[in-house]
Amino acid sequence: MRVVWVIARNTFHEAIRRKFFWVIFLFALVAIASANLFSGIAPGEEKKFVFDFGLGSITLFGMLIVVFLGATMIPSEVDRRTIFTILSKPVRRWQFLIGKFLGLALTTLVTVACMGALLIAVHSYIAKGLDINVVKAVVLAFFQLLIVGAIALAASTRGSLAFNIVFAVLVYFVGAQSSSLLTLAEPEKHLAHAHTQHVEPVSWKAYVFRGVLKTIYWLVPHLDNFDVRQAIVTDSVVPWQTIFNCILYGLLYCSVLVIVAIVLFQDQEF
Amino acid sequence: MSNTSAGEVVVELRNVRKEYPTGWGGTILALDDVSFEVYRGEIFGLVGPNGSGKTTTLKLILGLIFPTSGEIKVFDSSPFDISVKNKIGFLPDGPYFYDFLNADELLDFYGRLFGYSKSERKERIEQLLDLVGMKRFRKMPLRNYSKGMMQRIGLAQALINDPDLLLLDEPTTGIDPIGAHDIKQLMLKLREQGKTIFLCSHLLADVQMICDRVVILNLGRVIRKGTVKELLEPTAVTEIVAREVSEEVFKYVSELGATVERRDGDVVFRLLDHDRAPEVIETIRSHNGHVVSITRLTETLEDVFIKAVKEAGAPQIT
């Protein structure tokens with residue numbers, strides 16, 4: 001565990017000393033802090049606008065940070081040959097990879113915590129009080145970003161930098177629409193009017209297409225479950241059970257991704 | 001650990017073959033049937049032209065890549081055995097480290113990987129920075145380091161665990177002559193302490209000067225191996241240094257096809273045929289000259305290297 005922590009700590013330090021990290025991070029903070037200035041475009045809905053805009057900023061800028069950090073994590077170690085001196089020390093490959101993931105997780109946590117704290121402060125100022133739902137939304141945003149970072153890291157054990165970035169962003173967007181995939185794959189179950197209309201027999205092409213969609217649905221992370229913006233802007237209560245389930249799902253999904261990454265990394269040659 | 005009459009074997013390669021995939025099912029052969037041993041307490045040199053397989057050999061010993069076939073043992077264990085890595089230090093060619101760190105932080109990071117306590121790390125870092133002459137630059141970020149400074153700090157990180165086996169890939173590249181001399185002296189000092197040094201270098205004069213045994217690789221195959229003395233054969237060239245040499249002697253020796261050079265008041269005759277040496281010596285003496293020294297020259301490692309590579313076939317550029 002000591003070795004894992006040493007790698008994680010170094011990964012965190014490296015991440016926060018990168019220029020691009022500070023550019024995106026400061027840009028995100030400015031965007032969240034200035035959300036109140038733009039809230040005038042939605043009179044009477046200032047509170048909801050600030051929340052929506054702020055959480056959107058956390059997700060977007062957070063995603064840029066985790067995708068870039070995750071995608072460059074292993075290729076940059078190999079390109080710079082820093083991995084040679086680390087793996088020639090008493091460091092197991094799995095320790096190196098878990099350390100890298102934990103370093104990424106720590107960076108994501110600090111980033112989201114800072115951006116989230118600012119959003120909560122701005123929102124509380126507008127709403128004249130703390131809305132616990134905003135805190136819940138920030139927590140879910142962290143786990144959503146953690147999954148995206150784990151995807152980028154897993155891809156980076158084998159792929160090139162460009163592939164890793166494209167792959168992670170693609171999975172993010174598909175994952176954010178995962179319930180739509182299921183609707184497309186099973187229209188009879190999900191479209192309300194399907195019960196009242198005559199159902200055409202499914203052709204083999206449609207059958208294959210639906211199978212592919214279902215497979216993608218089960219493989220990609222269900223990131224739309226983490227997005228509780230709709231519930232919050234409609235003043236619905238987000239149950240703690242939902243938060244707990246999402247956290248559990250996020251941790252399990254990340255664990256599987258890290259295991260996949262370890263397997264891919266184990267016989268990698270440098 | 002296995003022992004032979006030559007001593008305790010620290011690194012052993014037996015019939016090692018390494019192929020790299022090139023895509024579409026193709027492979028490229030990097031090492032073919034490579035076998036050699038490195039003994040405790042020696043400075044072992046691995047030399048060869050570019051692409052001969054030196055770095056591949058180093059990576060196999062470090063467990064960074066996997067052999068296609070054959071056996072590799074380091075301290076009688078697999079190179080993938082984590083306990084082996086506690087005894088190894090490695091300096092890669094053209095090292096690059098986390099450039100956001102300074103020398104203190106970098107060495108502290110590597111020290112932490114070995115589980116040293118704070119006081120142990122502090123003490124070790126002081127010693128190493130002193131040893132590689134980098135104390136003045138300890139707080140400077142590595143991104144501002146010159147190539148030579150990077151090489152020095154690379155050597156310090158390789159020594160952080162006081163390793164029994166030190167693997168050095170081109171350790172003097174980019175270093176000024178004084179720095180290169182210091183590193184060579186350090187290698188000799190480490191050998192005196194019983195450490196084993198595995199040196200990959202293009203600088204054949206350095207290898208000849210400090211290595212006990214040498215392996216020459218070409219196109220992934222071992223083409224020569226042995227002690228430096230075994231590899232360097234005597235040549236037919238004989239050097240005779242003389243004083244008070246008359247003009248007649250000059251004329252006579254020049255007619256034999258020898259080269260003549262004046263050095264610090266002495267005259268140096270370099271005869272291409274060793275068998276003519278006795279008559280030249282006799283001629284010098286009979287003309288009241290004094291013979292200071294007679295040396296039969298041996299090949300340099302560079303001569304041996306070039307001859308061996310030419311015999312084995314130089315890499316073809318296609």
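Modeller: Contact means that heavy atoms lie within 4.5 Å. The structure is a predicted model, in which local features need pLDDT of at least 70 and side-chain atom pairs count only at pLDDT 80 or more, while totals for chains, interfaces and linings use all residues. Residues are numbered from 1 along each chain as its sequence is written, chains are lettered from A and ligands numbered from 1 in the order in which they are written, and side-chain values use heavy atoms, with hydrogens and water left out.

Colleague: With which residues is Thr107(A) in contact, leaving aside its neighbours within four places in sequence?

Modeller: Thr107(A) is in contact with Phe12(A), Ala15(A), Ile16(A), Phe21(A) and Leu69(A). Thr107(A) itself lies in α6 of chain A, residues 93-127; a helix is a DSSP run of H or I with at least four residues, a strand a run of E with at least two, and both are numbered from the N terminus.

Colleague: Why does Thr107(A) count as buried?

Modeller: Buried means under 20% relative accessible area, exposed means over 50%, and partly exposed lies in between, with a 1.4 Å probe and protein chains only. Thr107(A) has 2% relative accessibility and therefore counts as buried.

Colleague: What makes Asn288(B) exposed, and where is its place in chain B?

Modeller: The relative accessibility of Asn288(B) is 61%, so the residue falls in the exposed class. Its place is the loop between α9 (277-286) and β14 (290-298) of chain B. The C-alpha atom of Asn288(B) is 7.5 Å from that of Val245(B), although 43 residues separate them along the chain.

Colleague: Which class applies to Phe75(B) and which to Leu219(B), buried or partly exposed?

Modeller: Phe75(B), at 5% relative accessibility, is buried, whereas Leu219(B), at 44%, is partly exposed. Phe75(B) is in the loop between β5 (69-74) and β6 (88-91) of chain B, and Leu219(B) in the loop between β9 (213-218) and β10 (221-227) of chain B. Phi is near 50 degrees for Phe75(B), a positive value in a residue other than glycine; Leu219(B) likewise has a positive phi near 50 degrees.

Colleague: How do you know that helix α2 of chain B is mostly covered?

Modeller: Nine of the 11 residues of α2(B), residues 103-113, are buried. Among them are Leu106(B), Leu107(B), Phe109(B) and Tyr110(B). The buried residues of this helix pack against α1 (2-16) and α5 (82-87) of chain A, together with α3 (118-131) and α4 (147-158) of chain B.

Colleague: What makes the aromatic pair of Trp22(A) and Phe25(A) edge-to-face?

Modeller: Rings of Phe, Tyr and Trp (its six-membered ring) pair if their centres lie within 6.5 Å; planes under 30 degrees apart count as stacked, over 60 as edge-to-face and the rest as tilted. By this rule there are 24 aromatic pairs over all chains. Trp22(A) and Phe25(A) are 5.7 Å centre to centre with 75 degrees between the planes, and the pair is therefore edge-to-face. Both residues lie in helix α2 (19-33) of chain A, three residues apart, about one turn of the helix. Trp22(A) is partly exposed at 38% relative accessible area, and Phe25(A) is buried at 7%.

Colleague: Why is the pair of Tyr249(A) and Tyr253(A) called tilted?

Modeller: The centres are 5.8 Å apart and the planes form an angle of 40 degrees, so the pair belongs to neither the stacked nor the edge-to-face class. These residues are four apart in helix α13 (240-266) of chain A, about one helical turn. Tyr249(A) is partly exposed at 26%, while Tyr253(A) is buried at 16%.

Colleague: How is the packing of α7(A) and α8(A) described?

Modeller: Two packed helices are described by the angle between their axes and the distance between the axes. Axes are lines fitted to C-alpha atoms, for helices over the stretch in contact, and angles run from 0 to 180 degrees between N-to-C directions. For α7(A), residues 132-156, and α8(A), residues 161-176, the angle is about 145 degrees and the axes are 9 Å apart. Residues of α7(A) including Val148(A) and Ile151(A) meet residues of α8(A) including Phe163(A) and Phe167(A).
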